[in-house]
Amino acid sequence: MLLDDEVFAVLTAIVIIASVLGIAMVVRDELAGERFTAIGLLNEDCRIGDYPRYAYPNQTLRLCLYVYNHMGEPVYWKVSYKLGDNTTLPTTNTTSPRPVIAEWRGVLDHGLNSTRIIEVTVLEPPANATRVALIFELYTYNTLENRWEYTGRWVHLYITVER
Amino acid sequence: MLLTLLTLLLALAALQGSLVAAESIDDVVGPLVRDLEELRRSRVDVSGLVASLDEATRLWESGDVEGALVVLNATKAEVEALKAEAPRVYVLYIARVALTVLILLLAPPAFYTLFPRLYLRLWLSYRRGWVVVKGASRR
């Protein structure tokens, strides 16, 4: 035979595998994967590292917020800024009990991220405390119940407050 | 009496205006984001509208509430227009997926059937000028 049987069988197998993979990719639901959001804190140049370590009371620091959406749909997000210490940090289930000092909002499409330069004021801590934590908590808006939900994601940065 | 009624009406109008102004951005953006979620499920491209909403939230936070409302109103109008288009877009999307799957399903049998014939045709056309001589040397 002009066309070798074994070569033809291999070629047919390749076409079948390619066809199956192609169908799987076409019908795959992009919303079926893992859904998550992410938050990051960057320095004033929007890069990792070289964060401020010291601040005076009521000094304003420039930082950069990073938020990423992988929820499979557009997300209305909010980051709340709080000032606390190692006893008032958030957990994956609970937010920090400290009051909100500032908030930033945005809307992100699936698979996109947002970096935003922010200015935060380091309020004067209690008299016996010098080390404070700048806490940033990420919330997303539940559009069915019309309320903000804590995502369980947060970042914090320890700062020594000079007096 | 008439003056009192007029004053009362003006006061009511002012109160209503202050309520509108005091409306939270969440009350405006939240429903629009819900609409965008539904549009995206219908496979409508909403990336531009999401960017507009993001811009509106930034304007609002920077204190430019009027600018934010202009963007929000434009976005809302576009969302309403797209809502009417969404069913058609979804049907087209399903048709495109079904057609692609059908083509991919037909590819293996088509290859199995047609490839040997195509190969034979190419093989023969490549050797079109050859002459078959019985008993000739292989050189």
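In this predicted model, 35 residues of chain A are in contact with 33 residues of chain B. Together the two chains bury about 3,100 Å², with 65% of that area on carbon and sulfur atoms. Over all chains, the structure holds 18 salt bridges and one disulfide.

**Interface between chain A and chain B**

- Five salt bridges are counted between chain A and chain B.
- One salt bridge joins the side chains of B:Asp26 and A:Arg105, at 2.9 Å from N to O.
- On the side of chain A that touches chain B, at least two residues each come from helix 1 (5-27), strand 5 (100-108) and strand 6 (113-122) of chain A.
- Helix 1 of chain A gives the largest share of that side, ten residues.
- Sorted by class, the side of chain A that touches chain B consists of 18 nonpolar, ten polar and seven charged residues.

**Disulfide**

- A:Cys46 and A:Cys64 form a disulfide, with their sulfur atoms 2.0 Å apart.
- The link of A:Cys46 and A:Cys64 is right-handed, with 80° about the S-S bond.
- This pair links distant parts of the chain, 18 residues apart: A:Cys46 is in the loop between strand 1 (36-42) and strand 2 (54-55) of chain A, and A:Cys64 is in strand 3 (residues 59-70) of chain A.
- A:Cys64 has a relative accessible area of 0% and is therefore buried, whereas A:Cys46, at 28% relative accessibility, counts as partly exposed.

**Salt bridges within chain B**

- In helix 2 (residues 25-41) of chain B, B:Glu37 and B:Arg41 lie four residues apart, about one turn of the helix, and their side chains meet in a salt bridge of 3.9 Å, N to O.
- B:Glu37 is buried, at a relative accessible area of 8%, while B:Arg41 is partly exposed at 45% relative accessibility.
- B:Glu37 and B:Arg41 are also linked with A:Arg35 and A:Glu73 in a network of salt bridges.
- Helix 4 (residues 65-126) of chain B holds B:Glu80 and B:Lys83, three residues apart, about one turn of the helix; their side chains form a salt bridge at 3.6 Å, N to O.
- B:Glu80 is partly exposed at 42% relative accessibility, and B:Lys83 is partly exposed at 35%.
- B:Glu85 and B:Arg88 form a salt bridge, their closest N and O atoms 2.7 Å apart.
- Because B:Glu85 and B:Arg88 are three residues apart in helix 4 of chain B, about one helical turn separates them.
- B:Glu85 counts as partly exposed at 35% relative accessibility, and B:Arg88 counts as partly exposed at 49%.

How values were computed:
Residues are numbered from 1 along each chain as its sequence is written. Chains are lettered from A and ligands numbered from 1 in the order in which they are written. This is a predicted model: local features need pLDDT of at least 70, side-chain atom pairs count only at pLDDT 80 or more; totals for chains, interfaces and linings use all residues. Side-chain values use heavy atoms; hydrogens and water are left out. Contact means heavy atoms within 4.5 Å. Buried area is the accessible area (1.4 Å probe) that two parts lose on being put together, summed over both. A salt bridge is a side-chain nitrogen of Lys or Arg within 4 Å of a carboxyl oxygen of Asp or Glu. Ala, Val, Leu, Ile, Met, Phe, Trp, Tyr, Cys and Pro count as nonpolar, Asp, Glu, Lys and Arg as charged, and the others, Gly among them, as polar. A disulfide is a pair of cysteine sulfur atoms within 2.5 Å. Buried means under 20% relative accessible area, exposed over 50%, partly exposed in between (1.4 Å probe, protein chains only).
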